[in-house]
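I opened my notebook to look around inside a protein model.

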Amino acid sequence: MRAFVFQQEKLASVGQLAAGVAHEINNPVGFISSNLSTLHKYIGKITTYLAAADSGQSSEELRQLRKKLKIDFIFTDIRDLINESLEGTERVREIVQNLKSFSRAEEQTFVRADINECLEKTLKVIWNELKYKATIIKEYGRLPSVKCYPQQLNQVFMNLLINAVQAIDTKGEITIQTWQEDKEIHVAISDTGQGIAPQNLSQLFEPFYTTKEAGKGTGLGLSIAHDIIRQHKGRIDVISRPGKGSTFTVIIPDAE
């Protein structure tokens, strides 16, 4: 039952991100479409030039036509257009792959994973939600691989990062720090948002508790994050100052 709830909350989170993901895909698709349109025009000009060459026109006439049609520029630009389009298709493939990886059902056994890599994958999935409101500062430490449920940790990081950016009114910073201390892995996510009132701190991890406006959360995100980290025999510490921001620190043991 717990796994089902985790999966449903994860899919709900992905659903909330759908518009942002669509925007991220639309950008490369837009310039790929533009590049293909330009390539189509270039093919027409090259075809015109080749037809003139086959018709037996003089070298001078061909030189003038080549200059008029900008054939030399076209040959140079074609390579750039193709390279840009290939980069765009790779970006789309990466977005879709990250989303598929994030949303699929979790393995039932612990596997070794790189926590810094988990954070990077999560950032790629939710980047469109973050980039307009927050500057992301990464301070990753050198970490050993950890036995964990990687996708569940990705879900925790996503919930904390989304909460962080939603706490920022206009423009701010989100700092992500990772380090190892006393055989424990620490992941701290700090924001310069509005902070949390002291009387609300004790209720943060209760199911369905939320201070967000309707439509901006299920009230399950932090509760599920708390359960996931507890399943990893860890904890989440919270420090917050109203008007200054909050820091959520995920701490899990570095079990060998």
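This is a predicted model: local features need pLDDT of at least 70, side-chain atom pairs count only at pLDDT 80 or more; totals for chains, interfaces and linings use all residues.

Entry 1: I started with Ser-190, and its relative accessible area came out at 15%. Buried means under 20%, so I wrote Ser-190 down as buried. I found Ser-190 in strand 5. Its side chain makes a polar contact of 2.8 Å with the side chain of Thr-247. Leaving out residues up to four places away in sequence, I listed what Ser-190 touches: Glu-173, Ile-174, Thr-175, Ser-246 and Thr-247.

**Entry 2: from the serine to the core.** I followed the contact with Ile-174 next. Leaving out residues up to four places away in sequence again, Ile-174 touches Ser-190, and also Leu-130, Ile-137 and Leu-161, among others. Which residues touch the most other members of the largest nonpolar core? I noted Ile-115, Phe-157, Ile-174 and Val-250, in a core of 39 residues. Several helices and strands supply at least two residues each, including helix 5 (115–130), strand 4 (172–181) and strand 7 (245–253). Helix 6 gives the most, with nine residues. I also found a second, separate core of 12 residues, with Leu-39 and Tyr-42 among them.

**Entry 3: aromatic rings.** My search gave one aromatic pair. Phe-110 and Tyr-149 sit edge-to-face, 4.5 Å centre to centre, with 90° between the planes. The two are 39 residues apart, so I noted that the pair links distant parts of the chain.

Technical notes:
Residues are numbered from 1 along each chain as its sequence is written. Side-chain values use heavy atoms; hydrogens and water are left out. A nonpolar core is a set of buried Ala, Val, Leu, Ile, Met, Phe, Trp, Tyr and Cys residues joined through side-chain atoms within 4.5 Å. Buried means under 20% relative accessible area, exposed over 50%, partly exposed in between (1.4 Å probe, protein chains only). Helices (H or I, at least four residues) and strands (E, at least two) are DSSP runs, numbered from the N terminus. Contact means heavy atoms within 4.5 Å. A polar contact is a pair of N or O atoms within 3.5 Å; within protein, one must be able to donate a hydrogen and the other to accept it, and residues adjacent in sequence count only if both atoms are side-chain atoms. Rings of Phe, Tyr and Trp (its six-membered ring) pair if their centres lie within 6.5 Å; planes under 30 degrees apart count as stacked, over 60 as edge-to-face and the rest as tilted.
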